[in-house]
Number of protein chains: 2
Amino acid sequence: MLPLLEPDGQGVTPCCPPLTERPFTADEAETAARMFKALGDPVRLRLFSAVASHEGGEACVCDISDVGVSQPTVSHHLKKLKEAGLLTSERRGTWVYYRVEPSVLAAMGKLLTMAPTAA
Amino acid sequence: MLPLLEPDGQGVTPCCPPLTERPFTADEAETAARMFKALGDPVRLRLFSAVASHEGGEACVCDISDVGVSQPTVSHHLKKLKEAGLLTSERRGTWVYYRVEPSVLAAMGKLLTMAPTAA
């Protein structure tokens, strides 16, 4: 469920090196492309940003529905983001809360780090 | 042609704040989603990584065709990456050279930076 990260016993390690370090293998590209594709839709990106920027890095659907699409469409996109491993969710009482895993965001950022040799 | 960056007289500034800083506006999401979408294909991501990791941050088509697809398909994907503003190209003699703009990669990385308030 977290395609960019693989459990390594004590925590998680990124799936892939920085894009500038060496050419990606086919497997690495499959994994990372899934995540980029999930963010490659404006509505999904707004929802992801709304969750990521919300207090504590988590938000209820009730907090983030202000993106100009219907509630079922919001739910559909949140599901896609979960399937891509970018969000996790947890039901508490009436509401489902969505959370961006900081480790996933950090792994995504590292993919885009400049390697000194490529500068 | 560089959707993530806007000329500001002396250089370029990123289009958008970090994803964790505040919810993206519709315009910001359109711009950044275009870039993520361009990287959301495994073959394009391998080609992008091949260029980004090549010596000097640039590569000839002759250097990067080893991704298991036909030459026309390689050309098609390189064109898409150019249209998304992720690569630039320049013809020198027989060959076209592709280059990742370091400023674009840096801007992409900044989108994924964690804001302290969201940690």
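Colleague: At roughly what angle do the axes of helix α2 of chain A and helix α1 of chain B cross?

Modeller: Please keep in mind throughout that this is a predicted model. Two packed helices are described by the angle between their axes and the distance between the axes. For helix α2 (residues 42-53) of chain A and helix α1 (residues 26-38) of chain B, the axes come within 8 Å of each other, and they cross at roughly 110 degrees.

Colleague: How is α2(A) placed relative to α1(B), roughly parallel or roughly perpendicular?

Modeller: Angles from 65 to 115 degrees count as roughly perpendicular, and the axes of α2 of chain A and α1 of chain B cross at roughly 110 degrees. The relation of α2(A) to α1(B) is therefore roughly perpendicular.

Colleague: Which residues of α2(A) and α1(B) make the contact?

Modeller: The crossing of α2(A) and α1(B) is right-handed. On the side of α1(B), the contact is made by B:A26, B:A29, B:E30, B:A32, B:A33 and B:F36, and on the side of α2(A) by A:P42, A:L45 and A:R46.

Colleague: Now take helix α1 of chain A and helix α2 of chain B; is their crossing left-handed or right-handed?

Modeller: The axes of α1 (residues 26-38) of chain A and α2 (residues 42-53) of chain B come within 8 Å and cross at roughly 110 degrees, which makes α1(A) roughly perpendicular to α2(B). In this pair, A:A26, A:A29, A:E30, A:A32, A:A33 and A:F36 of α1(A) meet B:P42, B:L45 and B:R46 of α2(B). The crossing of α1(A) and α2(B) is right-handed.

Colleague: Is A:M35 buried or exposed?

Modeller: The residue A:M35 has its place in helix α1 of chain A. Buried means a relative accessible area under 20%. The relative accessibility of A:M35 is 0%, so A:M35 counts as buried.

Colleague: How far apart in space are A:M35 and A:E101, C-alpha to C-alpha?

Modeller: Along the sequence, A:M35 and A:E101 are 66 residues apart. In space, the separation of A:M35 and A:E101 from C-alpha to C-alpha is 13 Å.

Colleague: Let us turn to the strands of chain A; which residue in β5(A) is the bridge partner of A:E58?

Modeller: Strand β3 (residues 58-60) of chain A runs antiparallel to strand β5 (residues 95-100) of chain A, and three bridges join them. For A:E58, the bridge partner in β5(A) is A:R99.

Colleague: Which residue in the hairpin of β4(A) and β5(A) takes a positive phi?

Modeller: Strand β4 (residues 87-92) of chain A pairs with β5(A) in the antiparallel sense over six bridges, and within this pairing A:S89 has A:Y98 as its bridge partner. The hairpin has two residues between the strands, and the residue there with a positive phi, near 65 degrees, is A:G93.

Colleague: In the open sheet of chain B, which strands stand at the edges?

Modeller: Three strands form this open sheet of chain B with antiparallel pairing, in the order β3-β5-β4. Each edge strand has a single partner strand, so one side of it is left without a neighbour in the sheet, and the strands in this position are β3 (58-60) and β4 (87-92) of chain B.

Colleague: At about what angle does helix α3 of chain B run to β4(B)?

Modeller: Helix α3 (residues 71-83) of chain B lies across β4 and β5 of chain B. Relative to β4(B), the angle of α3 is about 120 degrees.

Colleague: How many disulfides are there over all chains?

Modeller: A disulfide is counted when two cysteine sulfur atoms lie within 2.5 Å. In chain A, C60 and C62 are joined with an S to S distance of 2.3 Å, and in chain B a disulfide joins B:C60 to B:C62, again at 2.3 Å. Over all chains the count of disulfides is two.

Conventions:
Residues are numbered from 1 along each chain as its sequence is written. Chains are lettered from A and ligands numbered from 1 in the order in which they are written. This is a predicted model: local features need pLDDT of at least 70, side-chain atom pairs count only at pLDDT 80 or more; totals for chains, interfaces and linings use all residues. Side-chain values use heavy atoms; hydrogens and water are left out. Two strands pair if DSSP finds at least two bridges between them. Helices (H or I, at least four residues) and strands (E, at least two) are DSSP runs, numbered from the N terminus. Axes are lines fitted to C-alpha atoms, for helices over the stretch in contact, and angles run from 0 to 180 degrees between N-to-C directions. Angles under 35 degrees count as roughly parallel, over 145 as roughly antiparallel, 65 to 115 as roughly perpendicular and the rest as oblique. A crossing is left-handed if the near helix is turned anticlockwise from the far one by less than a right angle, and right-handed if clockwise. Contact means heavy atoms within 4.5 Å. Buried means under 20% relative accessible area, exposed over 50%, partly exposed in between (1.4 Å probe, protein chains only).
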